[in-house]
Amino acid sequence: MVTPVSERVRKPLPTRIRVKKGLWNSVAMRLALADRIAAFPGIEMVEARPGAMPHRVEVYLRTPSASNRPLSDTPRLCTISRDKVVVYGLGDGDKFRVLSRGWARLQRRGIRVFLPRDSAELDVCWAIVECAYRCLQEALTTIPQPKRARFAVLPGFSRTTLQ
């Protein structure tokens with residue numbers, strides 16, 4: 001059963017502290033976030049430039065019914081790059097909540113979430129991506145599938161004028 005967005009329990013989102021001092025390892029935080037995202041069912045990750053250390057990873061949400069579709073037709077969940085995480089698929093209310101708390105900036109197709117600086121911020125970034133995952137799952141389950149016509153139901157037409 002699909003739960004409407006208004007009935008979902010939303011976790012409180014703390015306000016992001018802009019000038020937080022301390023050392024942080026962005027590579028470790030990106031890898032930790034990518035590991036958490038990879039644990040979702042139906043996730044496919046594609047490296048933009050394969051190499052020793054990928055510069056950008058595209059994360060797609062693949063459904064069982066879309067297994068034969070090309071990757072360009074599947075919805076993109078997020079993009080993890082060196083300095084940002086771009087999250088797609090959030091609803092307008094969720095976007096506003098994330099933007100108003102200072103966790104992201106608005107982009108053309110999604111929101112640019114700042115990389116986490118510690119484990120507490122990693123949990124918040126994880127919650128944002130998880131919310132986008134749930135929104136995309138709900139959108140994919142509510143899309144009506146096209147109906148196929150059976151040949152017995154179709155009207156019979158003749159190509160001749162003698163009918």
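## Salt bridges in this predicted model

How many salt bridges does the structure hold? The structure holds 7 salt bridges, each one a side-chain nitrogen of Lys or Arg within 4 Å of a carboxyl oxygen of Asp or Glu. Side chains of opposite charge can pair when their charged atoms come close.

A few words on the ground rules. This is a predicted model, where local features need pLDDT of at least 70 and side-chain atom pairs count only at pLDDT 80 or more, while totals for chains, interfaces and linings use all residues. Residues are numbered from 1 along each chain as its sequence is written, and side-chain values use heavy atoms, with hydrogens and water left out.

| Salt bridge | N to O distance |
|---|---|
| Asp 94 and Arg 97 | 3.9 Å |
| Arg 117 and Glu 121 | 2.8 Å |
| Glu 130 and Arg 134 | 3.5 Å |

Let's start with Asp 94 and Arg 97. They sit 3 residues apart in helix α2 (residues 92-100), so about one helical turn separates them; helices here are DSSP runs (H or I, at least four residues), numbered from the N terminus. Asp 94 is buried at 1% relative accessibility, whereas Arg 97 is partly exposed at 21%. Buried means under 20% relative accessible area, exposed over 50%, and partly exposed in between (1.4 Å probe, protein chains only).

As for Arg 117 and Glu 121, both are buried.

Glu 130 and Arg 134 lie 4 residues apart in helix α3 (residues 119-142), which again means about one helical turn between them. Glu 130 is buried, with a relative accessible area of 17%, and Arg 134 is partly exposed at 38%.

Technical notes: Helices (H or I, at least four residues) and strands (E, at least two) are DSSP runs, numbered from the N terminus.
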